[in-house]
Amino acid sequence: MNRGLAIYPGSFDPPTNGHLDLMERGAKIFEELVVAILRNSEKSPMFSVAERLEMLRALTGHLDNVRIDTFDGLMVEYAKSMEAICILRGIRAISDYEYELQMALMNRKLEPTLETVFMMPADKYSYVSSRLVREVAQAGGPVKGLVPEIVEQRLREKLDPAYKFRDEPKEIVPEIVAGREKKRKKRA
Ligand code: PNS
């Protein structure tokens, strides 16, 4: 059996426990698994490609045969350039099937030699999607257990208004220092 290289493409905005579960399953089947983040998505993402790359690298550090990459344009072209033997996609529920079937058949039309392989994540993640995770997190709800801890942390940082403040210390520090100095002089 040719175990070869498979591409697991997606938006991963953000990566969920379902994604990670699928990567772990895929890593057992294929010789090499390349998780490929789409760069030119029309959607306006919550996390930049660089942030998603960093999160995915951290999450898959324990999987020796998993690599993280990004791609632009047609996925089948990218897969061909990587000499992949197949595309890996996850199917959670029957509702995913229609979209996934359409995509798999379009990809087959574009590149007949490339197969799409579907795998199911653990049933406990069957309702978990990046979109719902974003929605829950944006509304201040808990996402514990739905995403890995590092993603939970990044979501907290992104959505916590104080994070912006923490992010700009270089600009604000001189002002704070000057203000304190002024107050000190007044008191003296
Ligand atoms: O995680 P997603 O958003 O469901 O992933 C969708 C993705 C990135 C796999 C798909 O949109 C894709 O492959 N886009 C690249 C452009 C392309 O090849 N389109 C034709 C696919 S039928």
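Where does glutamate 83 lie? In this predicted model, glutamate 83 sits in the loop between α3 (75-81) and β4. Its phi is positive, about 60°, although the residue is not a glycine. Most residues other than glycine have a negative phi, and most peptide bonds are trans. Glutamate 83 counts as exposed, because its relative accessibility is 67% and the cut-off for exposure is over 50%.

The overall layout comes next. The protein chain contains 8 helices and 5 strands. Read from the N terminus, its elements follow the order β-α-β-α-β-α-β-α-β-α-α-α-α. The chain has 188 residues, of which 40% count as buried. Contacts between residues at least 6 apart in sequence were also examined. Of these contacts, 75% join residues at least 24 apart.

Is phenylalanine 12 buried or exposed? Phenylalanine 12 is buried, since its relative accessible area is 2% and burial means under 20%. Proline 14 lies in the loop between β1 and α1 as well. A cis peptide bond links aspartate 13 to proline 14, with omega at about 0°.

Aromatic rings were then considered. A pair of aromatic rings is described by the distance of the centres and the angle of the planes. The structure holds 2 aromatic pairs. Tyrosine 8 and phenylalanine 12 make an edge-to-face pair. Their ring centres are 5.2 Å apart, and the planes form an angle of 85°. Both residues of this pair, tyrosine 8 and phenylalanine 12, are buried. Phenylalanine 71 and tyrosine 78 form a stacked pair. Here the centre-to-centre distance is 5.2 Å, with 25° between the planes. Phenylalanine 71 is buried, and tyrosine 78 is buried too.

The nonpolar interior was examined next. In soluble globular proteins, nonpolar side chains tend to be buried together. The largest nonpolar core of this model has 33 residues. Tyr8, Met23, Leu33, Val35 and Leu155 have the most contacts inside this core. Several elements give two or more residues to it: β1 (5-10), α1 (17-29), β2 (32-38), α2, β3 (66-71), β4 (86-90), α5 (130-138) and α6. A second, separate core has 13 residues, including Val34, Val76, Met82 and Leu114.

With neighbours within four places in sequence left aside, leucine 33 contacts Ala6, Tyr8, Met23, Gly26, Ala27, Asn65, Val66, Arg67 and Leu88. Two of these partners are alanine 6 and alanine 27. Alanine 6 and alanine 27 are 21 residues apart in sequence. In space, their C-alpha atoms are 9.2 Å apart.

Alanine 6 belongs to strand β1. At 0% relative accessibility, alanine 6 counts as buried. Which residues does alanine 6 contact, leaving aside its neighbours within four places in sequence? The partners are Phe30, Glu32, Leu33, Val34 and Cys86.

Glutamate 100 lies in helix α4 (residues 94-110). Glutamate 100 is buried, because its relative accessible area is 5% and the limit for burial is under 20%. Not counting residues up to four places away in sequence, glutamate 100 touches Arg89, Gly90, Ile91 and Phe118.

Two packed helices are described by the angle between their axes and the distance between the axes. Helix α2 (residues 49-59) packs against helix α6 (residues 149-159) at an angle of about 155°. The axes of α2 and α6 are 10 Å apart. The angle makes α2 roughly antiparallel to α6, because angles over 145 degrees count as such. From α2, the residues in contact are Glu51, Glu54, Met55, Ala58 and Leu59. From α6, they are Ile150, Val151, Arg154 and Lys158. By class, the contact of α2 with α6 has 5 nonpolar, no polar and 4 charged residues.

Definitions and conventions:
Residues numbered from 1 in each chain as written. Predicted model: local features only at pLDDT ≥ 70, side-chain atom pairs only at ≥ 80, totals over all residues. Heavy atoms only, no water. Axes fitted to C-alpha atoms, helices over the stretch in contact; angles between N-to-C directions. Helix = DSSP H or I, 4+ residues; strand = E, 2+ residues; numbered from the N terminus. Parallel < 35°, antiparallel > 145°, perpendicular 65-115°, else oblique. Contact = heavy atoms within 4.5 Å. Nonpolar A, V, L, I, M, F, W, Y, C, P; charged D, E, K, R; others polar. Buried < 20%, exposed > 50% of the residue type's maximum accessible area, 1.4 Å probe, protein only. Core = buried A, V, L, I, M, F, W, Y, C linked by side-chain atoms within 4.5 Å. Phe/Tyr/Trp six-rings, centres within 6.5 Å; stacked < 30°, edge-to-face > 60°.
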